[in-house]
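Hello,

Here is the structure I said I would pass on. My notes on it follow below.

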Amino acid sequence: MNKKHGKNYDSKNMSHCIRLLDTAIEIGSGKGIIVRRPENHRKLLLSIRHGEMEYDDLIQMAESKIELLDELFDKSDLPTSIDKKIIPSLELKIRKLRYNL
């Protein structure tokens, strides 16, 4: 696909990068994890994937999103670390749910 669009960047990787940055912004904004992308965001990701955007514009977009992320997480009340004591019980709970135990 990268050869087909000839933009000289990995379009699949770049679309994943933008998607992950937007997901992190949603988390930092308190919206949680939204798996299904809104239609306008889906169209943007597909246009990136098809090489319809210029590399410099994508880098600028990503840098803007990273700046917003820094601001959001500076203000966020999310914990900066996790309680490692809960991991084993959480893992067990996930496995039980996954395997219907």
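This is a predicted model: local features need pLDDT of at least 70, side-chain atom pairs count only at pLDDT 80 or more; totals for chains, interfaces and linings use all residues.

Of its 101 residues, 25% count as buried.

As for the fold, the chain has five helices and zero strands, which read along the sequence as α-α-α-α-α. The radius of gyration is 18 Å, well over the 13 Å that the globule rule gives for 101 residues, so the chain is more spread out than a compact globule. Along the principal axes, the C-alpha atoms fill a box of roughly 50 × 35 × 25 Å. Among contacts with a separation of 6 or more, 69% are between residues 24 or more positions apart.

I looked at one helix in more detail. Which residues of helix α3 are buried? Helix α3 spans residues 39-49, and its buried residues are His41, Leu45, Ser47 and Ile48. Seen down the axis of α3, these residues fall within an arc of 160°, so they line one face of the helix. Their cover includes α2 (11-28) and α4 (55-75). Just after α3 comes Gly51, with a positive phi of about 75°.

Regards

Conventions:
Residues are numbered from 1 along each chain as its sequence is written. Side-chain values use heavy atoms; hydrogens and water are left out. Helices (H or I, at least four residues) and strands (E, at least two) are DSSP runs, numbered from the N terminus. The radius of gyration is taken over C-alpha atoms; the globule rule is 2.2 Å times the number of residues to the power 0.38. Buried means under 20% relative accessible area, exposed over 50%, partly exposed in between (1.4 Å probe, protein chains only). Contact means heavy atoms within 4.5 Å. The arc is that of the directions from the helix axis to the C-beta atoms.
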